[in-house]
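Hi,

Here is the model I said I would pass on.

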Amino acid sequence: MSLRVLATTVVQGAEQAAGQAAEHVAGEVPMGITLLFAGVLVALIVSLALEEKLHAKKSLIVGLFAIVALLLGAILLPLPYGPYLIGGHEMNMPVYIPAIDWGVITIIFGASLFVDVTSRSGLFTWIAIKLTKLSGGDPVRILWLYGLMTVVFSAVLNNVTAMIIVGSLTAVSLDKLGRNDKLLGFLLVEGLLTNIGGLLTLISSVPNIIVGTAANISFVAFFLKAWPFVVVATVATLLLGAKLFGIERLADEQAREEARSLVSGFDENDGIESRGFFWFATGMLVLFIIAIATTSIMPYVSDLGMGFVAMAFAVVMLIRYKSEVDQFYRTVDWDLLGFFAALFVVINVMEHAQVLGLIGQGVERIVALGPTLGTGAVMISTAAFSSVTDNIPLAAMLAKIIAGMPLADGMIRPPTDPLWWAVIFGANLGGNITPIGSASTLVAVTIIHKHGLKLSFGGFVSKALPFALMQIAIAVVFVLFVV
Amino acid sequence: MTDSGSPEHHGIGFSKVDQFESVFRAAAKVRFQYSAVEVDSVLVVSDRDEREAAAFGDRVRSLLGVLGRGENIRWRVTHGGEYDSVPALLELIEAERPGLICTYRHLHSDSWQWPYTLGEYIDVLTQVTTTPIMVLPHPEQQLERHVRRTKVVVAMTDHLVGDHELVNWAARFTDEGGRLVLANVEDAAALDRFIETVGKIPSIDTDNAREAIADRLERDTHDYMDSCAGEITRAAVPITVESVIVQGHHLTEYIRLVEQHEADLLVMNTKDEDQFAMHGLAYPLAIQVRSVPLLLL
């Protein structure tokens, strides 16, 4: 048995042990203590909502709450300390280690490292510039091609990287074409599309990974369910964007010829340092998507999980830079990984403190409104919460709560249960209501401000609201009648 | 895959956005735009008497045989008796409205043998008129070699990228079958001064910065020169285009390149939007390079 297999087995076993311990302590926590921990959770959510004002990194904020929660838990709760029984062996480890969902951590770590190394090949900029030239410099064609690119990049890479790539290119191309007056509209539409693209696959956004993993939704099943919505929402967003921001086709042949000439100056090969590595990266990206898509059905690999696949691809890519891999380690988003680890610890303590059970009762009341009204209400309230606070803790919390809410017949909720999808869609689309609702829309606003354009919080909401309402309405209809 | 919090939490503040914008800005190349330069009339300005002025005019015609290529040129030779001051010469030019002025240094002056100025006429002409001025060696100057047709033309600048006009004029004056040498001389002293400043900023790796800046400058220039060669070939202009990109002391490098390529004509910009005096190094170069005809744009 390899070390990684052993580690995975250990973690899975430990999680089970922790879960068993949680069940064991259920009912033993006084309501006063539960409310105390609920207060800690509310304080955490408020702190995350105010992170810009606090000027503190997210990992630090949640890390501090994790310490407080663990200390309070150690004093007030019967936490499930080891030893843990793993594969028939007793193992000792700190209680906060099995609390972390290492599957999620490894997927994010491996995939972002893989994407970072792959982007050094010039592949993504090559695609971006090819599409720019294909547009011929026509604003409407640019909007559609960049919009589609945003969706695909968000699905394959991540929302933030997609927004940075497409947003940067948009700023440069519109400047070259002398169409800076349309920059705000373009960037806003692209920012909103990142959260649509984030719904395309299981690994396109963190809420997808968290809820998808909890609901046991496979990569292929997720894609097959989500793609019709992504297509409809993308087309609707682009049509509305072109209308609201006055993005029109070029009037005459002379203007078209001039625009064609300007974009023909782009050289898609400029960012490619090595043609061999470019093709290698292209091949690896295709293989990566295939491997992630088929992880659940591949013998042996299915046992190791998507995190293993992501990290394996990252390591293979790093061979190209074998003497300078430390540079890539430095670019890993340790703040994000630390944030996740600490968040899982906090949620685990909250589970033992019966806080999730308490929130679950509230969610149950909403669900009890009926399959239509209840599911719709869950999606809308998830979207509303996501628009002002972090959608990751929300998704993590709701995933745990819904997992603990069996169906009327006592069976666990299947992957096709609309409630899972209501949380997934709500958590992703809520990010389109405010500029702080998602990191990618915030990147869009960052680029807007970088280019001297003014857009306040209220200004963003007023411009984005028609899009967000339309997308959420489509999503409600989709989840209730199509999923 | 990640979708939470502020961009800074993803290490993607302005720096990451700027990094990608840099990649795309670098990919947005400036392509040379060829346009055939038309010279329909030439005004030859001499300060000699009628006979000597006509002889000088013949020398100019001989040098500019390339102008005969497919164009009907109106030639006009002025002699020293037709003007006696800068305003008078400017009036004459205004009346003629030539496409090109050909003359030499120190009109109506004996100080042509002192290589310290161009003389008041050329000083004013280069700044007042928008017409390109060709400055030939003084008629009394003993040349090491005879002025011949413009078989080798060197277009020289410290920033060639985007300077379509310079290249188009240089191409127009390159004789059939001749060589057009596009020379870009980066000022090493200026670069050193910036790198010295960079060396005092802890957050910037000095060696990397030096290498990256030099590499980027050279790459952009090289790409532009490639597009010049491509467009000129596509326009079926019967000349060959060569590229020279060097870093060094401006004046020294310019003079070395002129000698190395045995230039028959040196083409350079002289207009500077920020000042009335002649642009950058054009003035000292025009003074020092006295045996090679200069086309001042």
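Some housekeeping first. This is a predicted model, so to speak of local features I kept to pLDDT of at least 70, and side-chain atom pairs count only at pLDDT 80 or more, while totals for chains, interfaces and linings use all residues. Residues are numbered from 1 along each chain as its sequence is written, and chains are lettered from A and ligands numbered from 1 in the order in which they are written.

Chain B has nine helices and nine strands (DSSP runs numbered from the N terminus: helices are H or I with at least four residues, strands are E with at least two). Of its 297 residues, 39% are buried, where buried takes 20 or more other C-beta atoms within 10 Å of the residue's own, exposed is 12 or fewer, and partly exposed is in between, with C-beta atoms placed from the backbone. Among contacts in chain B with a separation of 6 or more, 77% come from residues 24 or more positions apart; a contact is two C-beta atoms, placed from the backbone, within 7 Å.

The nine strands of chain B make an open sheet with mixed pairing, in the order E2-E1-E3-E4-E9-E8-E5-E6-E7 (to pair, two strands need at least two DSSP bridges). At the edges are E2 (74-78) and E7 (240-248) of chain B, each pairing on one side only. On average, neighbouring strands are turned by 20° against each other, direction ignored. Inside the sheet, E4 (133-136) and E9 (294-296) of chain B run antiparallel and share three bridges, with Ile133(B) opposite Leu296(B).

Two helices to look at here: H5 (164-172) of chain B lies across E5, E6, E8 and E9 of that chain, at about 170° to E5(B). H6 (188-198) of chain B also packs on the sheet, touching E6 and E7 and making about 30° with the direction of E6(B). Axes are lines fitted to C-alpha atoms, for helices over the stretch in contact, and angles run from 0 to 180 degrees between N-to-C directions.

Now the interface: 46 residues of chain A are in contact with 25 residues of chain B. On the chain A side, H8(A) gives the most, with 10 residues. That side has 19 nonpolar, 15 polar and 12 charged residues (Ala, Val, Leu, Ile, Met, Phe, Trp, Tyr, Cys and Pro are nonpolar, Asp, Glu, Lys and Arg charged, the others, Gly among them, polar).

Within chain A, the axes of H11 (219-244) and H22 (457-481) come within 10 Å and cross at roughly 155°. H11(A) and H22(A) are therefore roughly antiparallel (over 145 degrees; under 35 is roughly parallel, 65 to 115 roughly perpendicular, the rest oblique). Their contact has 12 nonpolar, two polar and no charged residues.

Most residues other than glycine have a negative phi. Gln354(A) has a positive phi, near 70°, and sits in the loop between H16 and H17 of chain A. Is Gln354(A) buried or exposed? Gln354(A) is buried, with 24 other C-beta atoms within 10 Å. Glu262(B), in the loop between H8 and E8 of chain B, has a positive phi near 50°; Glu262(B) is partly exposed, with 13 C-beta neighbours inside 10 Å.

Cheers
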